[in-house]
Amino acid sequence: MKSYFIGIDISKDTLDVCIMSDSEEKDIFFKVENTLSGIESMISRNIPENAQLWYCFENTGNYGLLLARILESQEISYYQVPALEIKLSQGIQRGKNDRVDAWRIAKYAKTYCKELKPYLLPSKELLKIKNLLTYRNHLIKVRTQFKNEIKAFYQINKIADVSFEINDIMGHIQQLDKNIALVEEKIKQEIHNQQHLNRNFEKITKVKGVGFLTAAYMIVLTNNFTSFQNPRKFNCYAGIAPFEHTSGTSVQGKTKTSKLRNKRIKTILFNGANSAVIYDEELKSYYQRKKQQGKAHNSIINAVCCKIVYRIFAVVKREEPFVNLTRYNLHMS
């Protein structure tokens, strides 16, 4: 069976397409609009029947949603790959434009087709929660900017009257507080309305260090714990899994985490871990023991993050609520 590798470079308005065959045929390039009619014209392109098609494109966020939805609606398998993964696979590169990018994506699909796994969009419910989390993050950033700005005005107010500016900024901050609270309530309601999401949400929020925000992000990023086979892989994705850094006898670096990570979930997990080492007896004891051994605070907290993720995956897999055995043992003794 002949194979065709279809690399698609996605932008807001257009799709640049490269069709590459597994033989010596000349590569085909064309451009379509990033619309329903444009995507359907690409799919109906004159390709021999019974050929195996490999649609591949980068993970570009919302710009690729329509393409993914249409492919899924027509039961066409496709492969969505992180842009950095494609970039690193190409070696040294010179020049960049949409046509070249489409060619590079097609080449990647042709080279790694045996390793690619079909991608599926999260459910509409998870996409809705994801967008609400993104909007909440935007509101937080705007509020932080206002809070930083008002500090400067307080200093200026010592020598000049800027009370109008201060009161106006305070009004914006108060309104943002209300908006953030409304968005958080909406996220909770969306989770509560879906039984399969709410069941996992209720279980993992019983784990110390896992609050509403951590639980919501974990459910979205793991596609309700279906996208990652084990917690180790999620820890790699979050950038909290330590890796050895050695080479022969000349390079004996410290074990460290990768810079390739999801910064948002790592920050959230760190905040939860800092809380957990105060309120969870087992993690508190672990933190103190490592501190006495001379370990740095961030290194210990990173290890606590890993432990929390393992606990989260464990309670989801076991279909049982989290039980703090340390507290139980202390009570029994």
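Predicted model: local features only at pLDDT ≥ 70, side-chain atom pairs only at ≥ 80, totals over all residues.

**Exercise 1.** Against which helices do the buried residues of α9 pack?

Solution. Begin with the buried residues of helix α9 (residues 231-238), which are Pro-231, Phe-234, Asn-235 and Ala-238. Around the helix axis they cover an arc of only 105°, and therefore they lie on the same side of α9. The general rule behind such a pattern is that an α-helix has 3.6 residues a turn, so residues three or four places apart point the same way. The partners of these buried α9 residues are α8 (212-221), α10 and α12.

**Exercise 2.** Determine how α10 and α11 are oriented to each other, and name the residues in their contact.

Solution. Helix α10 (residues 263-279) packs with α11 at an angle of about 100°, the axes being 6 Å apart. Because angles of 65 to 115 degrees count as roughly perpendicular, α10 and α11 are roughly perpendicular to each other. From α10 the contact takes Ala-276, Val-277, Ile-278 and Tyr-279, and from α11 it takes Glu-281, Leu-283, Lys-284 and Tyr-287. Sorted by class, the contact of α10 with α11 comprises 6 nonpolar, no polar and 2 charged residues.

**Exercise 3.** Describe the packing of α11 with α12, including the handedness of their crossing.

Solution. Helix α11 (residues 281-292) and helix α12 (residues 297-318) pack at about 150°, with their axes 10 Å apart. Because angles over 145 degrees count as roughly antiparallel, this description applies to α11 and α12. Their crossing is right-handed, and the residues of the contact of α11 with α12 divide into 8 nonpolar, 1 polar and 5 charged.

Terms used. Residues numbered from 1 in each chain as written. Heavy atoms only, no water. Axes fitted to C-alpha atoms, helices over the stretch in contact; angles between N-to-C directions. Helix = DSSP H or I, 4+ residues; strand = E, 2+ residues; numbered from the N terminus. Parallel < 35°, antiparallel > 145°, perpendicular 65-115°, else oblique. Left-handed = near helix turned anticlockwise from the far one by under 90°. Nonpolar A, V, L, I, M, F, W, Y, C, P; charged D, E, K, R; others polar. Contact = heavy atoms within 4.5 Å. Buried < 20%, exposed > 50% of the residue type's maximum accessible area, 1.4 Å probe, protein only. Arc of directions from axis to C-beta.
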